[in-house]
Amino acid sequence: TGTVYNRGGETRYGYGNVRAISNIHSCRKSVVSILFGIAEAKGLVDLEKTLGEIGIDEKRTPLTKQEKTATIRHLLMARSGVYLPSGAETKWMKENRPKRGQFKPGENFYYNNWDFNVLGSIFEKETGIRIGQAFYDWIAKPTQMEDFLPRHVHYQKESRSEHKTWRFYMSTRDMARLGSLVAMNGKWKGQPIVPVEWIKLSMTPHTLNRPPEDEGEHYGYLWWLDMDRGFEMAVGYHGQYIVIDRKEQVS
């Protein structure tokens, strides 16, 4: 609905209805990556914990012994090795899903909503905090976001999976603030919000090849990385973007 240029935490340019709250689609994945970084620093999550240890499963299609060895870290890289139907799947996801058991956790990159929806389930189970509340308390309030409220995270039950699709709604100007926070290595007006080590790890290319139809060349922890232009990106299905130019420290 609009475009915002943000530098150093300050809006320098805005076009369109930058206050409108809308579904940011797959940008939600980059958002939850930031939340996991804060949760880890608070000692609320252990990224090496496996799905089996956490108690993640599916009633209709129970996870195999191998699938249960996938860790939270594997899911953050879209390398879980779990290839099951989920909510909000695209045609590409369905057509390119590997066979179950084809790859062990960590071996293969596959951009799929099972991993991403399950990350939402894991975050809330391990922290005891709803995604919207965590984002509001940990990020929205400290960065003075103007529109986001905890109720702007919606949940959709799925017939094919035990794990709900959680949808994130934000305004363009609040998305720009999030991008600026990342561009400033997790600090806002000098105050640390996200550990700088997490920002660096999230923007490290853990997948170096670009699968067809996907945005960006490489993939970090739920962030797309355009190494040629030096951009870090959150990308939504219907044209939502947070693009970070670290050289210029803008988003």
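Helices (H or I, at least four residues) and strands (E, at least two) are DSSP runs, numbered from the N terminus. The structure is a predicted model, in which local features need pLDDT of at least 70 and side-chain atom pairs count only at pLDDT 80 or more, while totals for chains, interfaces and linings use all residues. Residues are numbered from 1 along each chain as its sequence is written, and side-chain values use heavy atoms, with hydrogens and water left out.

Begin with helix H1, residues 27–41, and helix H6, residues 131–140. Their axes (lines fitted to C-alpha atoms, for helices over the stretch in contact, with angles from 0 to 180 degrees between N-to-C directions) come within 11 Å and cross at roughly 70°. H1 is therefore roughly perpendicular to H6; angles of 65 to 115 degrees count as roughly perpendicular, those under 35 as roughly parallel, those over 145 as roughly antiparallel, and the rest as oblique. The crossing of H1 and H6 is left-handed, a term used if the near helix is turned anticlockwise from the far one by less than a right angle, with clockwise giving right-handed.

Which residues make the contact? From H1 come Val-31, Ile-34, Leu-35, Ile-38 and Ala-39, and from H6 come Ile-131, Ala-134, Phe-135, Trp-138 and Ile-139. Contact means heavy atoms within 4.5 Å. Sorted by class, this contact has 10 nonpolar, no polar and no charged residues. Here Ala, Val, Leu, Ile, Met, Phe, Trp, Tyr, Cys and Pro count as nonpolar, Asp, Glu, Lys and Arg as charged, and the others, Gly among them, as polar.

H1 also packs against helix H5 (residues 113–127), at an angle of about 35° and with the axes 11 Å apart. The crossing of H1 and H5 is left-handed. On the H1 side, Arg-28, Lys-29, Leu-35, Phe-36 and Ala-39 take part; they meet Asn-113, Phe-116, Asn-117, Leu-119, Ile-122, Phe-123 and Thr-127 of H5. This contact has 7 nonpolar, 3 polar and 2 charged residues.

Next comes the interior. In soluble globular proteins, nonpolar side chains tend to be buried together. A nonpolar core is a set of buried Ala, Val, Leu, Ile, Met, Phe, Trp, Tyr and Cys residues joined through side-chain atoms within 4.5 Å. Buried means under 20% relative accessible area, exposed over 50%, and partly exposed in between (1.4 Å probe, protein chains only). The largest such core has 71 residues, and Phe-36, Leu-51, Phe-135, Ile-139 and Phe-168 have the most contacts inside it. H1 supplies the largest share of this core, 8 residues.

Trp-198 lies in helix H8 (residues 196–202). Is Trp-198 buried or exposed? Its relative accessible area is 3%, so Trp-198 is buried. Although Trp-198 and Ile-34 are 164 residues apart along the chain, their C-alpha atoms are separated by 7.9 Å. Beyond residues up to four places away in sequence, Trp-198 touches several others, including Ser-33, Phe-36, Leu-76 and Tyr-221.

Finally, consider two loops. Most residues other than glycine have a negative phi, and most peptide bonds are trans. Gln-144 is not a glycine, yet has a positive phi of about 55°. Gln-144 lies in the loop between H6 and strand S4 (153–156), and is partly exposed at 37% relative accessible area. Arg-151 is also placed in the loop between H6 and S4 and counts as exposed, at 59% relative accessibility. Lys-189, in the loop between strand S6 (187–188) and strand S7 (191–192), has a positive phi of about 50°. Lys-189 counts as exposed, at 54% relative accessibility.
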